[in-house]
Amino acid sequence: LNRAIVGPSEIEGAGRGLFATEDIKEGDVITCYPGDALLCELPSTDEGGEGDPFDLEDDDNEAVDEVVLWGRHVPKGDRWDDDTVFDGSKSSPPLTSYAVTMSDVYSVMGHPSLDDNPAYIGHFANDGAGHLAYEMPDSPRNIEASLELGLDTESSEFGVEDNIAAYVLKSFDVANAMHQPVDDDEFHMVTVAIRDIKKGEEILVTYGPDYWISDYAGHIADAEDD
């Protein structure tokens, strides 16, 4: 696969993004989502945890251990410690921000430093409406997006739920690709075009509101720590 390249994103504040190096047809595989690291969420084995720690079907078991397994292809110098994986550093966001859920147990994570193989750069695809999730409902850009989508911004009840709705609708509206598993494979994912994409166009997916809610909460926590 050699249909995309990493470059400066056209989205304000997004850093780098993914761009088509050729015309891509709807349904074509653009690139793969790398499994540079695997995030495993397993029932906790700590004493006092609820339920059977080895029963993955036990819905009552709320305690979870998160284990990171690195791919053998990742150089040892690029393997982050757990603190950086989950909390990031001054120069890098958490590796978990590059995670895509595969199942209730597994998520694959792409490493932001590994960008030289065009067949494995799906983790650089941005969400074209993510900026809306960080803004207040009455911000100019949210109002503009809401009007474009036909939402009633004059209503006194226009608030957070409308903000989320504006994000979701706008994100799906501008997305031209999506990440999806390869058949029933639990560990391999590809980035597929959901409409025709022109050469030079930025490849956009939707992260979903849960991603941005979690990301925003992390930013608030970091600000409070500072």
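Trainee: Where is His 111 placed?

Mentor: His 111 lies in the loop between β7 (106-109) and β8 (126-127). Helices (H or I, at least four residues) and strands (E, at least two) are DSSP runs, numbered from the N terminus. The model is predicted: local features need pLDDT of at least 70, side-chain atom pairs count only at pLDDT 80 or more, and totals for chains, interfaces and linings use all residues. Residues are numbered from 1 along each chain as its sequence is written, and side-chain values use heavy atoms, with hydrogens and water left out.

Trainee: Why is His 111 called buried?

Mentor: Buried means under 20% relative accessible area, exposed over 50%, and partly exposed in between (1.4 Å probe, protein chains only). His 111 has a relative accessible area of 1%, so the residue counts as buried.

Trainee: What does the side chain of His 111 reach, and at what distance?

Mentor: The backbone oxygen of Asp 78, at 2.7 Å. A polar contact is a pair of N or O atoms within 3.5 Å; within protein, one must be able to donate a hydrogen and the other to accept it, and residues adjacent in sequence count only if both atoms are side-chain atoms.

Trainee: Which residues is His 111 in contact with, leaving aside neighbours within four places in sequence?

Mentor: Contact means heavy atoms within 4.5 Å. On that basis the partners of His 111 are Asp 36, Trp 70, Asp 78, Trp 80, Leu 95, His 123 and Phe 124.

Trainee: What makes Ala 14 partly exposed?

Mentor: Its relative accessible area is 28%, so Ala 14 falls in the partly exposed class. Ala 14 sits in the loop between β1 (4-8) and β2 (16-20). Neighbours within four places aside, Ala 14 is in contact with Ser 9 and Asn 126. The C-alpha atoms of Ala 14 and Asp 127 are separated by 8.9 Å, although these residues are 113 residues apart along the chain.

Trainee: How many disulfides does the structure hold?

Mentor: The count is 0. A disulfide is a pair of cysteine sulfur atoms within 2.5 Å. As for individual cysteines, Cys 32 has a relative accessible area of 16% and is therefore buried; Cys 40, at 5%, is buried too.

Trainee: Why is strand β3 described as largely enclosed by the rest of the structure?

Mentor: Because 4 of the 5 residues of β3 (residues 29-33) are buried. Strand β3 runs antiparallel to β10 (residues 189-193), joined by 4 bridges. Two strands pair if DSSP finds at least two bridges between them. Cys 32 stands opposite Val 190 in β10.

Trainee: What makes β1 and β8 edge strands?

Mentor: The open sheet has 4 strands in the order β1-β2-β11-β8, with mixed pairing. Each of β1 and β8 pairs on one side only. Within that sheet, β2 and β11 (residues 202-205) pair in the antiparallel sense over 2 bridges, and Leu 18 has Ile 203 in β11 as its bridge partner.

Trainee: Is Ser 107 buried or exposed?

Mentor: Ser 107 is buried, because its relative accessibility is 9%. Ser 107 belongs to strand β7. Not counting residues up to four places away in sequence, Ser 107 touches Ala 37, Leu 38, Leu 39, Ala 99, Val 100, Thr 101 and Met 102.

Trainee: How many helices and strands are there in the protein?

Mentor: There are 5 helices and 11 strands. Buried residues make up 38% of the 226 residues.
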